[in-house]
Each structure stands twice: as structure tokens, then as C-alpha cells.
Amino acid sequence: MESEEKKKQYNEYVERITPGNNLIKDILNAFWIGGLICLMGQVLMEIFMYYGMSKEDAASWTTLTLILESILLTGLNIYPKIAKVGGAGCLVPITGFANGVVAPAIEFKSEGQVFGVGAKIFTIAGPVILYGIFSSWIVGIIYLLGKSWGWF
């Protein structure tokens, strides 16, 4: 009986401290913040092309600039605050991937270059890289077989 009372008290405690979720608000925040990141990318690309870069070069420099911005904002502890509001809107673009690589490196730098930064830098991004490469390999094999067998 005492165990049941403890479970009830624990469940009440969890309910009390768990922040509430407003799904519509979360979706709208992800939409406008993710859209703002994409808009920044488009503006950068247009600026680079205005100053004479080809579309391919402008796209490369835009990507590099967005990654640099994400790294700087992560280092200044600003990106996590933006991501807290924007959720998936911040995590999906390339800026979120850069943040996922840099954040563990910053967090574990006190443990040294090898066992801190080196060992932890891909804690978040590692699975994305692994399964991204693996998935592309599988799709490539399917495409190769499909081409050989006349499916495509």
C-alpha cells in the first residue's frame, strides 16, 4: 500500500515539474525560425551572386557562412537559446548540424583535446553521419540494381 502511495506522489511530482507543451505554438516557432534561417541563407546567396559569384560558388559560400554563424552563435551560447524556442526549425538546417558538432566539443574541452574534444565531438552528429552514409549506400545499390534490371 505504501508503494502505491509513493508511486502516486511521484507521478504528481512529475506532472507538476514537467513543462507543458503547446503543439501549435511549437510548430509555428519551428516554422518561422527555420524559415528565418533559410531566408538568411537565400539573402547571403543573393549577395554573393550580386558580387559576381556563380550560383554554385555562391551556394558553397552561403553554406560555409551559415556553418560559421552557427559555430559562433553556439560558442557564444546564443544558438541553444534560439533552438530552445525554434525546436526542429533550428535543428533541421545545416546550422543545426554544425551546432550538433560544436556543442559537445565546447562542453567537453575541459577534458582535453583527445579524450574531451576528440572523443566527444561527434556524439550527436556521429549517428547522423553514419546512417546518412549507410542510407545513401543502400539507395545507391538499389539504384544500380534497378538500372541493371531496367527498373529505372
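I looked up burial first: in this predicted model, 23% of the 152 residues of the protein count as buried.

I then took the accessible surface, which comes to about 11500 Å². Carbon and sulfur atoms account for 69% of that surface.

Next I checked the overall dimensions. The radius of gyration of the protein is 22 Å, whereas a compact globule of 152 residues would have one near 15 Å. Along the principal axes, I noted that the C-alpha trace spans about 70 × 45 × 40 Å.

I turned to secondary structure and found 8 helices and 0 strands. Read from the N terminus, the order of elements is α-α-α-α-α-α-α-α.

For contacts, I considered pairs of residues at least 6 apart in sequence; 49% of these contacts join residues at least 24 apart.

I also looked up the charges. The protein carries 11 positive and 12 negative side chains, and I noted that the centres of the two sets lie 2 Å apart.

My last entry concerns N99. I located N99 in helix α6, which covers residues 94-107. Is N99 buried or exposed? The relative accessible area of N99 is 12%, and because the cut-off for buried is under 20%, N99 counts as buried. I then asked which residues N99 touches, not counting those up to four places away in sequence. I recorded S70, T74, Y79 and P104 as the contacts of N99.

Note on methods. Residues are numbered from 1 along each chain as its sequence is written. This is a predicted model: local features need pLDDT of at least 70, side-chain atom pairs count only at pLDDT 80 or more; totals for chains, interfaces and linings use all residues. Side-chain values use heavy atoms; hydrogens and water are left out. Helices (H or I, at least four residues) and strands (E, at least two) are DSSP runs, numbered from the N terminus. The radius of gyration is taken over C-alpha atoms; the globule rule is 2.2 Å times the number of residues to the power 0.38. Buried means under 20% relative accessible area, exposed over 50%, partly exposed in between (1.4 Å probe, protein chains only). Contact means heavy atoms within 4.5 Å. Accessible areas come from the Shrake-Rupley method with a 1.4 Å probe; for residues, only the protein chains shown count as cover. Lys and Arg count as positive and Asp and Glu as negative; His and the chain ends are not counted. The place of a charge is taken as NZ of Lys, CZ of Arg, CG of Asp or CD of Glu.
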